Amino acid sequence: MIWLTWRQFRVQAAWVFGALALFSAVMLATGPHLLHLQHTAGDNFVQLLGGDDFSVYLLGALLCRAVPVIIGVFWGAPLVARELETGTHRLVWNQSATRTRWLAVKLGLVGLAAVAAAGLLTLAASWWYAPIEQAIAHGHGAAGYSARLSPTMFDSRGVVPVGWAAFAFALGVAVGIVLRRTVPAIATTLAAFAVAEGVISVLVRPMLVAPSRVTTPITADNFMGLRNGALSVDFNQHGAWVIASRTLDAAGHPVSVHPAFTNCMQSGGDPQVCGGVLGKLGYQQETTFHAASHFWPLQWAESGVLLALALLISGLCFWLVRRQAV
């Protein structure tokens with residue numbers, strides 16, 4: 001069974017691991033340049049990065065997010081659906097191999113390859129990103145470079161890509177068993193993965209670890225203008241992920257933006273001067289956030305949720321296979 005599964009899977013594995021080897025070579029070729037620049041440029045390190053460095057930065061983030069999707073769509077969905085669609089499963093089921101062993105070998109071999117691929121990718125990317133993340137953590141970031149805790153980068157850092165790869169693979173296999181057709185299974189897996197990623201990143205992730213909350217008096221010095229329609233202040237938490245923000249009056253009651261501030265901004269006033277207007281009125285900004293130190297607790301918590309879901313879905317796959325007609 002192992003030999004047969006490997007022969008069926010080796011082409012897909014060659015493509016993915018070949019691409020990972022190429023990406024790792026790029027990381028190894030450009031990484032020492034970042035380390036050298038970090039040691040020589042000091043606080044201006046991120047500002048001195050070139051266009052090629054930014055391209056590799058974006059490529060790494062994109063691949064770390066894309067590989068779990070690719071695994072679910074092109075490894076998971078066709079794994080059993082193709083066999084059920086063509087009827088080749090009957091050849092195995094009518095011989096000595098049981099359905100449980102047949103599926104266990106497929107899930108075990110390909111699932112381990114999926115986890116290994118995602119793990120190797122995020123390991124190479126994390127090594128390359130380390131100097132940039134250290135600079136951002138100390139408040140020396142630059143336009144285009146995001147903190148690792150930000151929603152745009154969290155899925156491409158740490159161990160979360162491994163959890164997403166395991167979940168996507170199990171999800172694809174389950175969808176393939178239910179639909180018994182390869183192309184519909186691929187499309188459905190892609191849609192289901194997108195929905196799951198949206199739900200977990202927006203609704204589940206912020207609550208996996210208790211967020212922090214701080215109230216900051218608004219002054220001309222710390223006011224940063226409007227961000228996503230809400231007031232923004234610098235509350236001295238570099239690399240933090242802001243979940244929610246609301247404005248309070250001098251008594252601590254939630255309020256909308258004062259007309260004096262609106263008139264100041266509409267008349268083309270300097271944002272800091274307009275922020276000073278709110279400061280004189282005693283306005284404060286309450287910010288709910290995850291500090292940079294929450295990165296690894298959130299990473300382990302989300303990975304645990306994803307791996308638990310992958311195990312549950314895998315159990316469902318065994319139940320579904322046992323109920324399949326020959």
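How are α2 and α4 oriented relative to each other? I looked this up before anything else. They come out roughly antiparallel (an angle over 145 degrees; under 35 would be roughly parallel, 65 to 115 roughly perpendicular, the rest oblique). Helix α2 (residues 51-86) packs against α4 at about 175°, and the axes are 10 Å apart. The axes are lines fitted to C-alpha atoms over the stretch in contact, with angles from 0 to 180 degrees between N-to-C directions. Sorting the contact by class, I get 21 nonpolar, two polar and three charged residues. Here Ala, Val, Leu, Ile, Met, Phe, Trp, Tyr, Cys and Pro are nonpolar, Asp, Glu, Lys and Arg charged, and the others, Gly among them, polar.

Notes on the model. This is a predicted model, where local features need pLDDT of at least 70 and side-chain atom pairs count only at pLDDT 80 or more, while totals for chains, interfaces and linings use all residues. Residues are numbered from 1 along each chain as its sequence is written, and side-chain values use heavy atoms, leaving out hydrogens and water.

Overall layout. I find nine helices and five strands in the chain, taken as DSSP runs (H or I, at least four residues, for helices; E, at least two, for strands) numbered from the N terminus. The order from the N terminus is α-α-α-α-α-α-β-β-β-β-α-α-β-α. The C-alpha trace spans about 80 × 45 × 30 Å along its principal axes.

Largest pocket. I get a volume of about 890 Å³. A pocket is an open set of points on a 1 Å grid over the protein atoms alone, with protein on both sides within 12 Å along at least five of seven lines, and lining residues have an atom within 4 Å of a point. Grid points are joined across faces, edges and corners, and the volume is the space filled by probe spheres set on them. There are 32 lining residues, and M224, R227, S232, A240 and V242 are the closest to the centre. β2 (223-227), β3 (230-233), β4 (241-248) and β5 (284-290) each supply at least two, with β4 giving the largest share, five residues. The lining has 16 nonpolar, 14 polar and two charged residues.

Second largest pocket. This one has about 220 Å³. Its 13 lining residues have G111, A166, A310, L311 and S314 closest to the centre. Helices α4 (99-137), α5 (160-179) and α9 (295-322) each supply at least two. The classes are 10 nonpolar, three polar and no charged.

Cavities. I find two of 30 Å³ or more in the whole structure, a cavity being a set of points where a 1.4 Å probe fits but cannot get out.

Single residues. What is the disulfide count? Zero, with a disulfide being a pair of cysteine sulfur atoms within 2.5 Å. C64 is buried at 2% relative accessibility, and C317 is buried at 0%. A251, in the loop between β4 and α7 (259-266), is exposed at 56%. From A251 to A310, 59 residues along the chain, the C-alpha atoms are 49 Å apart.

Conventions. Buried means under 20% relative accessible area, exposed over 50%, partly exposed in between (1.4 Å probe, protein chains only).
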